[in-house]
Amino acid sequence: MNSELDQYDKLILEAFASGLVDPRVAADASPPADLPPGLASRILASASTASQEILAERVRTAADAIGLSRSDLVELASGDETGARAFLDGRGSPDKVHPSTIARWFWALRLAPSRWHELLHQAIASSARFAPSGDGEVVFGRTTGLDDGSRAQALMSGRTLEDREKGRRVADQFVQEVMEDWETLSTNGATS
Amino acid sequence: MVDTEMLVRISGDPQGAMEEILGTYGSTLRGRLSSYASNRRLGTADVDDVLQDCFMSLLDPDVREQVLTSGGEILPWLSRRGYWRLEDGARRRVRDGQGLPFEDVTIPSSGPTGPPSYSAAIVETALLQMSPRDQDILRWHYDERATIATIAERLGMNQGAAKKAAHDARTRMKRRIIELGIVPQGAKS
């Protein structure tokens, strides 16, 4: 063993022997603290676009890794540039880009479906918007004194279960189209 | 709904799943983070930002995979991430010259090991600034004196990979201790 590491090992062992307390244990036993007004709404609002931002970042990172620029990706989106630019910049949903463009990106970037399938589905499901059902306003933050289950229910948004199911179906359809195009590209070994 | 079901639900209904997770664990996590920041004297200004970061991290499928691999319990995983992020924020403030991680201890820029309680405080700070996984590995190794076989089992990997993970964690810990100004007697910096 490296003798330098031994000296540090000794230092760390002595520190533990002196009684290092794990502060995480005490924190885990702490009582709950209600979220301040507006924080839950802000978190959920950020969540509505976070999936597309994560996916865009994954695409940009994969492009960097093989030397493709943002311009190269936009060029691959021939005829679809506006939506492509917005998505790549993290400003737009992938469902504003044609499935064949997205499939072409994933193929060109050598991204296996395991790296994009779930995230793409999530991003489309997040962005699907339907008319409110008219069940009334959502009130966030008024959860003081509620148990965990009741608190969860109180925070549920005005999107109905039906809306969410529609969003899931839209996402299923879109991802299926991308997958079919990707499989065609992979099988044919197309370059454009 | 159990935690694993909520995590799986995110890909199909991210909004609904996030609402449920936030509603179920939001206040509990906030209490934990506030308490940790207060006890560690890190300041509580970052707590709500860290809280948001913790929940938002679940939207990354890679993160969800880590949670599922580590047992699938959301609150413990988010708590560990939150504590680490609070320490990381404090560390960046020190690096940026905005203040020390704790109020009443002066960190020398160089020199021999100080009295045991001081060096223990440095080791504690260095440890808490490591990633949650590194912290676990280091506690298992140094506090419990766990074998590589035990560490491998807990991490869900083979012994070769666990040995490397332990070595890498120890190397990072050493580097962090040096950054905090401690060079043990007889060791090169």
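Start with everything on screen: over all chains, the structure holds 29 salt bridges. Keep in mind that you're looking at a predicted model.

**Stop one: the two chains together.** Color chain A and chain B separately. Where they touch, 54 residues of chain A are in contact with 64 residues of chain B. Between them the two chains bury about 5400 Å², and 62% of that is on carbon and sulfur atoms. Now pick out Tyr8(A), Phe16(A) and Arg24(A): within chain A, these three lose the most area to chain B, together 15% of what that side buries.

**Stop two: charges across the interface.** Between chain A and chain B you can count 9 salt bridges. For one of them, select Arg24(A) again along with Asp136(B); their side chains meet in a salt bridge, 3.5 Å from N to O. Polar contacts join in too, with 20 residue pairs between chain A and chain B, both residues at pLDDT 80 or more.

So which elements of chain A give two or more residues to the side that touches chain B? Highlight α1 (3-17), α2 (23-28), α3 (39-65), α7 (117-127), α8 (148-154) and α9 (161-188) of chain A. The largest share, 12 residues, comes from α3(A). Color that side of chain A by residue type and you get 29 nonpolar, 10 polar and 15 charged residues.

**Stop three: α3(A).** Select this helix by itself. Center on Thr49(A), where α3(A) bends by about 40 degrees. Following the helix is Gly67(A), whose phi is positive, near 80 degrees.

**Last stop: inside α1(A).** Show the side chains of Lys10(A) and Glu14(A). They form a salt bridge, with the closest N and O atoms 3.3 Å apart. How many residues apart are they in the helix? The answer is 4, so about one helical turn separates Lys10(A) and Glu14(A). In an α-helix there are 3.6 residues a turn, so residues three or four places apart point the same way.

Note on methods: Residues are numbered from 1 along each chain as its sequence is written. Chains are lettered from A and ligands numbered from 1 in the order in which they are written. This is a predicted model: local features need pLDDT of at least 70, side-chain atom pairs count only at pLDDT 80 or more; totals for chains, interfaces and linings use all residues. Side-chain values use heavy atoms; hydrogens and water are left out. Contact means heavy atoms within 4.5 Å. Buried area is the accessible area (1.4 Å probe) that two parts lose on being put together, summed over both. A salt bridge is a side-chain nitrogen of Lys or Arg within 4 Å of a carboxyl oxygen of Asp or Glu. A polar contact is a pair of N or O atoms within 3.5 Å; within protein, one must be able to donate a hydrogen and the other to accept it, and residues adjacent in sequence count only if both atoms are side-chain atoms. Ala, Val, Leu, Ile, Met, Phe, Trp, Tyr, Cys and Pro count as nonpolar, Asp, Glu, Lys and Arg as charged, and the others, Gly among them, as polar. The bend at a residue is the angle between axes fitted to the seven residues ending there and the seven starting there.
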